Amino acid sequence: MVNGRFRCLGSVQHLKNRFGDGYTIILRVGGPDADLLPVMKFIESELRGSTLKEKHRNMLQYQLPSSLTSLAHIFSILAHHKGALCIEDYSVTQTTLDQVFVNFAKDQSDDYHSKETSVRRRDVAIEVPPPLSCSPGAAEGGAVRESTM
């Protein structure tokens, strides 16, 4: 549920196809001082529509909508240019079900309004009466500690 509404029902593959982001491409560039710029320019020119999600010391992660290209095309260009770009290894995966649910969580908001219901928050103060019996340390102002095993 997102904001009080069911967002998905169906098989795992159906959920991934309907709510997934397409493909995740992870590239690891080799060398002691990995130069990521040529790889970034290459990906941006060859896989238009890709979005850089993460960039670390020698690793790049891109998200690419599946509607823009095929897996065969992605693997073909990466395999062909792997040596020239010093790419040590790469992986291309379909959006995982975990990523689908993380995207749902990102869509969730605390303050949502729908046509049927309006949710309002208000602060409520609750008075808690003192305990009927105190331990010896609490009566003298000491801290009460309770341990369970």
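First, the ground rules. The model is predicted, so local features need pLDDT of at least 70 and side-chain atom pairs count only at pLDDT 80 or more, while totals for chains, interfaces and linings use all residues. Residues are numbered from 1 along each chain as its sequence is written, and side-chain values use heavy atoms, with hydrogens and water left out.

Let's start with the sheet. Helices (H or I, at least four residues) and strands (E, at least two) are DSSP runs, numbered from the N terminus. Two strands pair if DSSP finds at least two bridges between them. Four strands form an open sheet in the order β2-β3-β1-β4, with antiparallel pairing. β2 and β4 are the edge strands, each pairing on one side only. On average, neighbouring strands are turned by 20° against each other, direction ignored.

Now look at β2 and β3. β2 covers residues 51–55 and β3 covers residues 59–64. They run antiparallel, joined by four bridges. A hairpin of three residues links β2 to β3. T51 has Q63 as its bridge partner. L52 stands opposite Y62.

On to the helices. Which residues of α2 are buried? Buried means under 20% relative accessible area, exposed over 50%, and partly exposed in between, with a 1.4 Å probe and protein chains only. In α2 the buried ones are V39, M40, F42 and I43. They cover an arc of only 160° around the axis, which puts them on the same side of α2. That arc is taken from the directions from the helix axis to the C-beta atoms. Their cover includes β1, β2, β3, α3 and β4.

Next, α3, residues 71–81. Here I74, I77 and L78 are buried. Their arc is only 95°, which puts them on the same side of α3. A72 and H80 are exposed, on the face turned away from that buried side. The buried residues pack against β1, α2, β3 and β4.

Last, the core. A nonpolar core is a set of buried Ala, Val, Leu, Ile, Met, Phe, Trp, Tyr and Cys residues joined through side-chain atoms within 4.5 Å. The largest one has 20 residues. I25, L27, V39, I43 and I74 have the most contacts inside it. β1, α2, β3, α3 and β4 each give two or more residues to this core.

One close-up: what does I43 touch, leaving aside neighbours within four places in sequence? I43 is in contact (heavy atoms within 4.5 Å) with L27, R48, S50, Y62 and L78.

Conventions
Axes are lines fitted to C-alpha atoms, for helices over the stretch in contact, and angles run from 0 to 180 degrees between N-to-C directions.
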